[in-house]
Amino acid sequence: MKVGDRSMLRFAPRYGMISPCLVRPSRNPRRRAIERAVNDNAPQQDGALFDADGVLAAALRLFAAHGICAAERACEAAEIAKATGDAEGVVWWIEVCRALDRRMAREASRKLARAR
């Protein structure tokens with residue numbers, strides 16, 4: 001490639017790699033402390049189950065990977081979490097879906113509540 005060449009480089013992960021957009025941030029306080037620095041003006045957690053910035057970042061990664069179908073993929077991930085018995089995962093994926101599409105998240109949470 002020449003110095004003045006403006007062609008785009010594309011990263012293609014190896015086959016079978018788990019997509020980073022499908023990995024939830026850690027809820028382990030020790031690991032979270034390592035991931036980001038302590039800051040005096042950090043937003044206060046007001047009893048929220050998940051960090052709003054983490055949900056937004058996950059939603060954006062999912063949107064980058066799946067485009068317009070990202071909210072549907074989040075609902076599918078919530079259904080998979082429900083099938084495996086991961087209650088926290090269900091809430092996480094519904095929140096990610098809510099960041100992308102509120103109506104779809106409301107319908108999915110109703111559907112999953114009825115499936116009990």
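**Entry 1**

I began with R114, which counts as exposed because its relative accessibility is 67%. The cut-off I applied for exposed is over 50%. I was working on a predicted model. I then looked up where R114 sits, and found it in helix α5, residues 102–114. Next I asked which residues form a positive surface patch together with R114. I found R102, R103, R106 and R110 alongside R114.

**Entry 1: the whole protein**

I stepped back to the overall fold. I counted 5 helices and 0 strands. Along the sequence I read the pattern as α-α-α-α-α. I noted 116 residues, with 22% of them counted as buried. For the accessible surface I recorded about 9,300 Å². Carbon and sulfur atoms hold 54% of that surface.

**Entry 2: salt bridges, the search**

How many salt bridges does the whole structure hold? My search found 3. I reminded myself that side chains of opposite charge can pair when their charged atoms come close. I then went through the pairs one by one.

**Entry 3: R73 and E76**

I looked at R73 and E76 and found their side chains meeting in a salt bridge, 3.3 Å from N to O. How far apart are R73 and E76 in helix α3? I found them 3 residues apart, so about one helical turn separates them. I checked cover for both. R73 has a relative accessible area of 29%, so I logged R73 as partly exposed. E76 comes to 38%, so I logged E76 as partly exposed too.

**Entry 4: R98 and E95**

I turned to helix α4, residues 87–100, for R98 and E95. The side chains of R98 and E95 meet in a salt bridge, with 3.4 Å from N to O. R98 and E95 are 3 residues apart in the helix, so I again noted a separation of about one helical turn. I put R98 down as partly exposed because its relative accessible area is 32%. I did likewise for E95 because its value is 29%.

**Entry 5: E79 and K111**

I then checked E79, which forms a salt bridge with K111. The closest N and O atoms of E79 and K111 are 3.2 Å apart. Which helices does this pair link? I placed E79 in helix α3 and K111 in helix α5, 32 residues apart. I noted that the pair links distant parts of the chain. E79 is partly exposed because its relative accessible area is 35%. K111 is partly exposed because its relative accessible area is 46%.

Last, I looked up K82. I found K82 in helix α3, residues 70–84. Is K82 buried, partly exposed or exposed? I logged K82 as partly exposed because its relative accessibility is 31%. I then took the C-alpha to C-alpha distance from K82 to A115, which came to 9.2 Å. In sequence, K82 and A115 are 33 residues apart.

**Entry 6: recap**

I closed by listing the salt-bridge pairs again. R73 pairs with E76, R98 pairs with E95, and E79 pairs with K111. For the positive surface patch I kept R102, R103, R106, R110 and R114 on the page.

Conventions
Residues are numbered from 1 along each chain as its sequence is written. This is a predicted model: local features need pLDDT of at least 70, side-chain atom pairs count only at pLDDT 80 or more; totals for chains, interfaces and linings use all residues. Side-chain values use heavy atoms; hydrogens and water are left out. Patches are made of residues with over 30% relative accessible area and no salt bridge: like charges are joined within 9 Å, nonpolar side chains (Val, Leu, Ile, Met, Phe, Trp, Tyr) within 5 Å. Accessible areas come from the Shrake-Rupley method with a 1.4 Å probe; for residues, only the protein chains shown count as cover. A salt bridge is a side-chain nitrogen of Lys or Arg within 4 Å of a carboxyl oxygen of Asp or Glu. Lys and Arg count as positive and Asp and Glu as negative; His and the chain ends are not counted. The place of a charge is taken as NZ of Lys, CZ of Arg, CG of Asp or CD of Glu. Helices (H or I, at least four residues) and strands (E, at least two) are DSSP runs, numbered from the N terminus. Buried means under 20% relative accessible area, exposed over 50%, partly exposed in between (1.4 Å probe, protein chains only).
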